[in-house]
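Some labels used for protein structures rest on a definition and a value.

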Amino acid sequence: NSTRWNGPVLLHPFTPAQYRRFVFRLTGIEAFEQATDVPDESTMLEGHILLVEDNNINQIVTGEILTGLGVTFDIAEDGKQAVQKVGNAPHYDVVLMDVQMPVMDGFEATKALREKGFTTLPIIGLSANAMKEDRKSAIDIGMDDYLTKPIKRKALIDMLKRYL
């Protein structure tokens, strides 16, 4: 078919790096592509993650990091949804669990998952609270680890490398 498009294609959703590559290819400036756009093989991970986060912006930012690492993920808006998703399809390698959420918070959801027998599923708490007691509460409740928000890319990568 001679009417087919032979140029570069950009599929939605896309990352800023993918957009930059698309524009460069479109304009023929492929030489300008920086090495920083190419994911470092050492940061590529494999796994399927459940991101439990009620804040849309945090979902996008964290999702962007996860996509860049090569992992797939589902989103749950609150703890109740998280418990349902894990119960319906327990194929997650890690759960990133926001602590403060409406309906059911991360602590309640973690407790519920542990009580349902998901004892080996790594659950990493996410919270804006950076006090030592907050981390201790998370671990005591049954979380495996704890990251403070805003989530830094390097901290998330280091954390996921331990569990994936």
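The questions and answers that follow concern a predicted model.

Q: What is the order of the elements in the protein, and how many helices and strands are there?
A: The protein has six helices and five strands. From the N terminus on, they run α-β-α-β-α-β-α-β-α-β-α.

Q: Which residues of helix 3 are called buried, and what makes them so?
A: In helix 3, residues 79–88, they are Gly 79, Ala 82, Val 83 and Val 86. The term requires under 20% relative accessible area, so each of these four residues falls under that cut-off.

Q: Why are the buried residues of helix 3 said to line one face?
A: Viewed down the helix axis, they fall within an arc of 95°, and therefore they line one face of helix 3.

Q: What covers the buried residues of helix 3?
A: The cover includes strand 1 (48–52), strand 2 (72–76), strand 3 (94–98) and helix 4 (106–115). A contact here means heavy atoms within 4.5 Å.

Q: Why is Asp 78 called a cap of helix 3?
A: A side-chain oxygen of Asp 78 lies 3.0 Å from the backbone nitrogen of Lys 80, at the N-terminal end of helix 3.

Q: What makes strand 3 largely enclosed by the rest of the structure?
A: Five of the five residues of strand 3 are buried, so the description applies. Val 94, Leu 96 and Asp 98 point one way, Val 95 and Met 97 point the other way, and all are buried. In a regular strand, side chains alternate between the two faces of the sheet.

Q: How do you know that strand 3 pairs with strand 1 and with strand 4?
A: Pairing requires at least two bridges. Four bridges join strand 1 to strand 3, and four join strand 3 to strand 4, residues 123–127; therefore both pairs qualify. Strand 1 and strand 3 run parallel, as do strand 3 and strand 4. Ile 49 stands opposite Val 94 in strand 3, and Asp 98 stands opposite Leu 126 in strand 4.

Q: Why is the unit made by strand 3, helix 4 and strand 4 called right-handed?
A: These elements make a right-handed β-α-β unit. The word applies because, with the strands pointing away from the viewer, the path from strand 3 over helix 4 to strand 4 runs clockwise.

Q: How much of the protein counts as buried?
A: Of its 164 residues, 38% count as buried.

Notes:
Residues are numbered from 1 along each chain as its sequence is written. This is a predicted model: local features need pLDDT of at least 70, side-chain atom pairs count only at pLDDT 80 or more; totals for chains, interfaces and linings use all residues. Side-chain values use heavy atoms; hydrogens and water are left out. Buried means under 20% relative accessible area, exposed over 50%, partly exposed in between (1.4 Å probe, protein chains only). Helices (H or I, at least four residues) and strands (E, at least two) are DSSP runs, numbered from the N terminus. The arc is that of the directions from the helix axis to the C-beta atoms. A polar contact is a pair of N or O atoms within 3.5 Å; within protein, one must be able to donate a hydrogen and the other to accept it, and residues adjacent in sequence count only if both atoms are side-chain atoms.
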